[in-house]
Amino acid sequence: MVIVGGGLSAGMVARQLTAKGIEVLVLENGGDVRNSAAAKLPTQRDELRWATHTGLMQDGAAETYTWRHNRTDPSLAMRRLAVFLPGSGVGGAGNHWNGQAFRWEEYDTELRTRMETRYGKSSIPANMPIRDWGVSYSELEPYYDLFERLFGISGKAGNLRGKIMPGGNPFEAPRQNEFPQRPLEETEIGLIFRSAADKFGYKSFLSPAANSPDAYTNPDGMKLGACQYCGHCDRFICEAEAKATPSVLLYPLLARRPSFELRKFCHVIRIEHDAAGGQVRAVEYLDLLTGETFRQPADVVVLAAFTLSNTKLLLTSGIGRPYDAAANAGVVGRNFCYQTNAAISVYLPDRWLNPFLASGSTVTLIEDFDDDNFDHTGLGFLGGGFIAAGSGGGRPIAARGVPPGTPRWGTRWKQANADWYAHAGSVGFQGSSYPHRENFLDLDPDYRDAYGQPLLRVTFDMRENELRMAKYCAGKMVEIARAMGAARLGGLPEVTANFDTRGYQSTHITGGTIMGRDPATSVVSSRLQHWDAENLFVVGASVFAHNSGHNPTELVATLALRLGDDLVRYVGRPGRLA
Amino acid sequence: MEPSDPAKFDRRKFLQRTLVAAGSAVALAPRLIGADANDSSAPAAVPIPVPATPAEAETSSVYQTFSPDEAAFVEAMVNLMCPADALTPNGVDCGLALFIDRQLAGGFGKGERLYRRGPWRHGPAEFGYQLPLSPEDFFKNGLAAADAASRRLHGRNFADLDPATGDRFLQAVAEGQVSDERLPLAEWFNELVYPLFNQACFADPLYGGNKDKVFWKMIGYPGLPAVNGLNMAKYRGKPFPGAAAPKSIEDFS
């Protein structure tokens, strides 16, 4: 069995398979970062190197993406990757995530049914192809639970077997078990946000987190250290191994299993497809250490690369019908979704916010306006997101707030930085992104990567539904910000069309190889099995049929664990999985 | 900044023709020189990563990439943007010019992580930098263009302007009120110069700026903690004592 990409999904699939002695080969195009300068003190604490210059991310000089707002526009290369940041190396983006670990809502994988049942069929715009994914929450729950124990997720249950629990998130999908670890310490701004949100009757809680509050040993005997709240999580490797990541919890375990092989610096170029036979036969890859191209035969191939790489590999390999937006036909590349974000700064001169005392998940939030947790009747949009306050570490190049009207340099600029650094924070909104017929992925006809292949082209903009949703939810966010007693607020947030790729927004990008029950509108089945090649499977956020207001990581890992068990069945009895 | 053969190239007439033909002021000269053809031209050379040399940054104040004229511009600029006052010494003494020189001479300036293959197109600003120049070359060409604008508007080089005039000039550049016939000066300042200035102030002193952690002390950033596990609750909502004496990478080495 060959797995393309050595990140979180691959590690989870391989964990299930190698436990049964099934032979697994992972092809990863990067190296191992676990003992590199990125993972050791003091070089770990280098904002310029790892955050500003994105030292752990995919090298955009070799492979980037092109973008256009509409399919009638010419595309432009994103010459410096900034708006999202694909990971690189063993463990992938799972190494340098913040650690916010959400289950999605109970209705999320049956979204179309939910909307039709609640608001009627006519509530879903014709250009919004939301789908049922073909899997229910109750099927996923045991895998959510397993993931949370493997990664030592910290938090407080809000819905334990259907019973709403004080202190947790009442909108949470019902869980069989309490979180394996206690919640993290909360930030000062989180507490201020909490008391403001409580005045409105909203239900505030602390984000579930993969940042371990205490030393932890998981069911595999793998260990996490205790979080030191150093403020260097996202874009960084945790030198204390207190952040649950594939390179700490999965790959060292897999390396001890005799049926597992990891081949680093292997860039997969193509999957060999026998269309008539309905099978894939081999994987073609460039060995970056020798410069030679190899053909690796495979009984089963699992695509577990970054969201966009899964789509690109299917397109460059000619597997599955590419999506044609004009005809609304074809499947590969459709339902590309992003995340709809907004934020507002709050200035609290009398409060010591100390933004540097933080982990990546010390975030206090409410889900009262998340997804379909509120009644959308008459609102003119679907979807929503969470509203949150917290700190990601207050790293000084990127995370300093000064009030609007402050000059951009000079003594007054310096004085404003001195006055506000410890007293400025922000309230943020992270919203859903529902699919739109005109948001999709395909191969760019003009631009190529360092390996001679086309760049993947993104056609995406904020469409009417997301603009309306963001306006409504940002309004709720501003109300809470005002209630926090801020002396001043930053500029009012506005989500607009003409999507801007110059600054970081989110790496939560989804779709392109979506799952479903209908081969006419999905790339893989609800068992993640490709419709046109029985022994080809795809896993990762590329199979999500929409993006919610929740971070994707926990659902990515959950689907990968489930696929691992399905593949054990498949190896015993190949064929179409029911 | 001059065409390679001025005798054969009357730029003013050329631009006049451009405006009539394009019917829009946004049609920039490069489109008309043929870059609007969609087929890929030969790819630009793949940039060769040059490692930054932070060790040298600490031991030497000799510029690695700036000419004397370029150094004069950058020193005047960082002293204007960071004047000596009660908060910090002037920009040069804070190492800001040295930081910018080192960044441009190193991997960043040479185009590390920057995709530099054609085709080259102009498009909406939302898609960011779209020029074939390395950041080092873009910085230097922008600097020359800004100096030319300074001479045109104020009769002298930027480095020779009095601080108040220099400040107004930089504001005008940042706001897009100073134009150059070829180079996008506002984009040059806002998306290359200003981020470098900001990084020079707040990056670890390892890279030559933020000398003596002066900017970290100014804002109360404690620098690099080894551990904060107990501090998280102990100093929640209270002044943090470590903010007075920040720790840098060198302090832990």
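**Exercise 1. Determine the strand order and the pairing in the open sheet of six strands of chain A.**

Solution. Strands (E, at least two residues) and helices (H or I, at least four) are DSSP runs numbered from the N terminus, and two strands pair if DSSP finds at least two bridges between them.

Step 1: strand E7 (204–206) and strand E21 (488–489) of chain A are the edge strands, each pairing on one side only. E7(A) is joined to strand E16 (residues 363–366) of chain A by three bridges, and the two run antiparallel. Opposite Leu206(A) stands Thr364(A) in E16(A).

Step 2: helix H10 (residues 464–483) of chain A packs on this sheet, touching E15, E16, E17, E18 and E21 of chain A, and its direction makes about 20° with that of E15(A). Contact means heavy atoms within 4.5 Å; axes are lines fitted to C-alpha atoms, for helices over the stretch in contact, with angles from 0 to 180 degrees between N-to-C directions.

The model is predicted: local features need pLDDT of at least 70 and side-chain atom pairs pLDDT 80 or more, while totals for chains, interfaces and linings use all residues. Residues are numbered from 1 along each chain as its sequence is written, chains are lettered from A and ligands numbered from 1 in the order in which they are written, and side-chain values use heavy atoms, without hydrogens and water.

**Exercise 2. Explain why E10 and E22 of chain A each have one side without a neighbour in the sheet.**

Solution. Step 1: an open sheet of five strands in chain A has the order E10-E2-E1-E14-E22 and parallel pairing. Step 2: strand E10 (260–263) and strand E22 (536–538) of chain A stand at the edges with a single partner strand each, so one side of each has no neighbour in the sheet. Step 3: strand E2 (residues 24–27) of chain A runs parallel to E10(A), with four bridges between them; Val24(A) stands opposite Phe260(A) in E10(A).

**Exercise 3. Describe the interface of chain B and chain A.**

Solution. Step 1: chain B gives 74 residues to the contact and chain A gives 67 residues. Step 2: the area buried between the chains is about 6,000 Å², 59% of it from carbon and sulfur atoms. Buried area is the accessible area (1.4 Å probe) that two parts lose on being put together, summed over both. In chain B, Arg113(B), Tyr115(B) and Phe127(B) lose the most area to chain A, together 16% of what that side buries.

Step 1: four salt bridges are found across this interface, a salt bridge being a side-chain nitrogen of Lys or Arg within 4 Å of a carboxyl oxygen of Asp or Glu. Glu191(B) forms a salt bridge with Arg502(A), with the closest N and O atoms 2.7 Å apart.

**Exercise 4. State how far apart in sequence the parts tied together by Asp442(A) and Arg68(A) are.**

Solution. Step 1: Asp442(A) and Arg68(A) form a salt bridge through their side chains (4.0 Å, N to O). Step 2: Asp442(A) lies in strand E19 (residues 440–448) and Arg68(A) in strand E3 (residues 65–68) of chain A, so the pair ties together parts 374 residues apart in sequence.
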